[in-house]
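Dear colleague,

Please find below the structure that I promised to hand over, followed by an account of what was found in it. I would be grateful if you kept the structure open while reading.

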Amino acid sequence: MNDLIYFDNAATTPLAKDVLDKMMPYLTDNYGNASSIYEIGRRSRAAIDEARDRVAKCLGADASEIYFTSGGSESDNWAIKGLCSAKKSKGNHIITTAIEHHAILHTLKALEKEGFEVTYLPVDEDGLISIDDLKNAIKDTTILITIMFANNEIGTIEPIEEAAKIAKEKGITFHTDAVQAIGAVKINVHEMGIDMLSLSAHKFNGPKGMGALYIRKGLRINNFINGGAQESGRRAGTENTPGIVGLSYALEKSTAGIDEKVKKLTALRDYAIEEIEKTIPYCRLNGHRTKRLCGNINFSFRFIEGESLLLMLDMKHIAASSGSACTSGSLDPSHVLLAIGLPHEIAHGSLRISLGVQNTKEEIDVLLKELPKIVDRLRQMSPLYEGVEGSN
Amino acid sequence: MNDLIYFDNAATTPLAKDVLDKMMPYLTDNYGNASSIYEIGRRSRAAIDEARDRVAKCLGADASEIYFTSGGSESDNWAIKGLCSAKKSKGNHIITTAIEHHAILHTLKALEKEGFEVTYLPVDEDGLISIDDLKNAIKDTTILITIMFANNEIGTIEPIEEAAKIAKEKGITFHTDAVQAIGAVKINVHEMGIDMLSLSAHKFNGPKGMGALYIRKGLRINNFINGGAQESGRRAGTENTPGIVGLSYALEKSTAGIDEKVKKLTALRDYAIEEIEKTIPYCRLNGHRTKRLCGNINFSFRFIEGESLLLMLDMKHIAASSGSACTSGSLDPSHVLLAIGLPHEIAHGSLRISLGVQNTKEEIDVLLKELPKIVDRLRQMSPLYEGVEGSN
Amino acid sequence: MMYSEKVLDHFSNPRNVGEVENANAVGQVGNAKCGDIMKISMRIEDNIIKDVKFKTFGCGAAVATSSMATELVKGKSVDDALKLTNKAVMEALDGLPPVKVHCSVLAEEAIGAAIQNYYDNAGIDKKVKKGCDGCCSSCGGHDEHHHE
Ligand SMILES: Cc1ncc(COP(=O)(O)O)c(C=O)c1O
Ligand SMILES: Cc1ncc(COP(=O)(O)O)c(C=O)c1O
Ligand code: FES
Ligand code: FES
């Protein structure tokens, strides 16, 4: 385990040691139900109240605008289904992008079956939407615009502030899936005019199974999980106090340390990108070169397939992921890579390296040493590589 | 803390020390995303697969029938909304009871707004439904019967096996909210003919924010949280590996230890009930005397109000809860106590003592010593008590 | 998704990678669009597969099934090689995850395609019937599998 080089921080991150320490009292002695009136119940209530304040401060929101959920997927589902069912008398049109996470796309597919109409904005070869496309897509019936803050595969950062502004001008609710952006991009929901924002704790060294949804004050969306009066009666279920406490400290840490992290990871990222481009032929950097998450590196290597690449890296104790949806058990290439215009066979051969605060230059150097060898080995095995320059 | 007497195990339970130990590796080194292909990802996958087997075994189900969720409330919402939206072309009628948890009742209220019709079966003064009522309530349009296994306030255990049988005869899907019954009643879903069952880990010394839904093989319900392909594509969201592992061990422990626990707690319970009835006048045991959860004691004390009682107990370091819905921030008396026919003013003066495996006879004796004094003190303060025999 | 130790072994140390010199049987199946291409070359003498090699563009399972399939047919008669099923390849690898079943089908098909090529080259009037019967129902099925 010790020699593992973990380069899949976009999939999940290790829970920070000091965050776990903050959670421990609530995993042991302070087990009280936060809705209970006696002492250990009140102690949980106080911890949750403080956690909510902490989260609100990190996002530039009011505490009353923060709702805890079980993760990014629940937050996305709640935001979209809750808004659409509340506003369906006003219209049935939703605007999103072609490169959203499945938590958004599959939710919208479900709504399409119920009669909602969805416009999927295309992206350019770098994965950016066009603001003009967004403007042109708006109809009288548009009730929601949902655009991810940054893409999980190729790392492209979308023009969220501009998009939110347009939504506001037209009186349309604006949601953003910021699951990947938290801790990597500075976000202030009030200043940016965002109406709803989803986040997921395990993406920024917090606990798994914990997320939050910011809902602007005054915005009415329907409840998603009905039941008890937790979360001001808007999200039922006995509070996961350790999870809530953990999320709040992890968020505080990752927003407080953002400048340092961005500086460090951007340098590592650009070093790795440059070296890979220098040493491996027939590769393509996916995603925008500068408007990109500080921790994201995504390459397609022609003539080879992503999963084999990952397995070979794994054998060298390097944990990375494929740009493709292989992980989801599906054989289709990634919808994101297809959306930026890659042909199928190239979309199959992608590698995502996602850096976290804990990664070092030494680890990048190991990658830079192993990757060219592995790519070459797989190419020598590939029937597609035959006859290509440099092949045997 | 050490001298706290915790009698609110129906609200939540302490996380068992050995369950936390089983979770720790997944809160530290084994943080890999279970959908990832590399070693630490596969290790999480293996842990989840094993956990699913363990849960299935405890419930008499197949592993493929177990889906992990964020808690009892999510399981209830998913079961009901997922089934009703999948079957709405077949009918729009649902049968439930008047004493369900809010996770069921509020979910059904939301469905009523969408055009579903709900029959709320009444209960008798002990909180039991009548099987004849159930039979009579069935219509051609009935698509779902959902009846709680045991009530969370008064502890009454419903005739689930008989109800499930009737549902099966009529070809109607049968769901049960077994959140309170797990670890207190032996449950075998296949033998009992249950189609869906909800449970919540923190009620049986597992972690908060973790639940499961059993869905019988072949039963099609719509997804609730759409997104990634986790949980066989039926419940999206990065898996909470520590939570899943914790749930599974807690369940194993609580089902393996069920005979011993039932024996021990039933004895404690009946001892406490007998003593309270002996020493405190104008009290009423709520719930069925024998068809009741081994850990549940629920009394109404006339002339006093529940919250004051709880606060006074808290000052003696005894944590208990009121039968009333005070915990939900509402001032209305409990819908359960009203359903068993208590008048409002008596429904307000209820006390629920819910025992857990860790409770002892010594603790009960402390309660039996303090409770009569507290009740008397509050009665002396109550204008309703004036002129009643024994009053000053 | 979990691979068996055998799959990982055949993936990391694939047997018979490359191309047989003086091959008289070459078959390629799959297409890059669905993510898998397998090419098998053989030297067949006296109805015996004297040598066999593969090249594969595909996932870990595709590489491992190619490797195992070549091992299983090497030195066998053509008729015995034609009896090789994807199930046998999977069993030899201690199983495959459900979504990877089609990779083993591909291996069976590639062997078949190579032998067909041998028949065609040698003017033998036989048709090899091999391939997917919609078995795995996860890979888009038959139509995607294009035989060369
Ligand atoms: C009977 C019953 N159903 C459902 C729930 C909801 O479970 P959770 O709060 O864990 O979501 C509870 C407890 O709160 C309960 O007692
Ligand atoms: C952009 C984005 N949205 C949503 C999610 C879903 O988050 P979770 O898996 O924590 O539910 C993820 C990660 O999986 C993501 O990267
Ligand atoms: S080659 Fe793509 S799944 Fe096997
Ligand atoms: S190989 Fe899967 S359907 Fe043909």
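In this predicted model, A:Cys283 has a relative accessibility of 24% and therefore counts as partly exposed, since the buried class ends under 20% and the exposed class starts over 50%. B:Cys294, by contrast, has a relative accessible area of 4%, which means that this cysteine is buried. B:Cys294 takes part in no disulfide. The cysteine sulfur nearest to B:Cys294 belongs to B:Cys58 and is 17 Å away, whereas a disulfide requires two cysteine sulfur atoms within 2.5 Å. As a reminder, a disulfide is a covalent bond that joins the sulfur atoms of two cysteines. Over all chains, the structure holds zero disulfides.

The next topic is strand β7 of chain A, residues 196-200. Five of its five residues are buried, so the strand is largely enclosed by the rest of the structure. In a regular strand, side chains alternate between the two faces of the sheet.

Which strands pair with β7(A)? Strand β6 of chain A, residues 173-177, pairs with β7(A) in the parallel sense over three bridges. Here A:Asp177 stands opposite A:Ser198 of β7(A). Strand β8 of chain A, residues 211-215, pairs with β7(A) in the antiparallel sense over five bridges. A:Ile215 in β8(A) is the bridge partner of A:Met196.

Finally, I turn to ligand 2. It is surrounded by 14 residues, of which the closest are A:Ser73, A:Asp177, A:Ser200, A:Lys203 and B:Thr238. Why is the site described as shared between chains? The residues around ligand 2 come from chains A and B, and the site is therefore shared between them. Helix α3 of chain A, residues 72-87, provides the largest share of this shell, with three residues. By type, the shell consists of two nonpolar, nine polar and three charged residues.

- B:Thr238 places a polar side-chain atom 2.6 Å from an oxygen atom of ligand 2.
- A:His202 has a polar side-chain atom 2.8 Å from an oxygen atom of the ligand.
- A:Gly72 has a backbone N or O atom 3.3 Å from an oxygen atom of the ligand.

On its own, ligand 2 has 380 Å² of accessible area, and the protein covers 94% of this.

Yours sincerely

Key. Residues numbered from 1 in each chain as written. Chains lettered and ligands numbered in written order. Predicted model: local features only at pLDDT ≥ 70, side-chain atom pairs only at ≥ 80, totals over all residues. Heavy atoms only, no water. Near = heavy atom within 4 Å. Polar contact = N/O pair within 3.5 Å; in protein donor to acceptor, adjacent residues only side chain to side chain. Areas by Shrake-Rupley, 256 points an atom, 1.4 Å probe, with all protein chains shown as cover. Helix = DSSP H or I, 4+ residues; strand = E, 2+ residues; numbered from the N terminus. Nonpolar A, V, L, I, M, F, W, Y, C, P; charged D, E, K, R; others polar. Buried < 20%, exposed > 50% of the residue type's maximum accessible area, 1.4 Å probe, protein only. Pairing = 2+ DSSP bridges.
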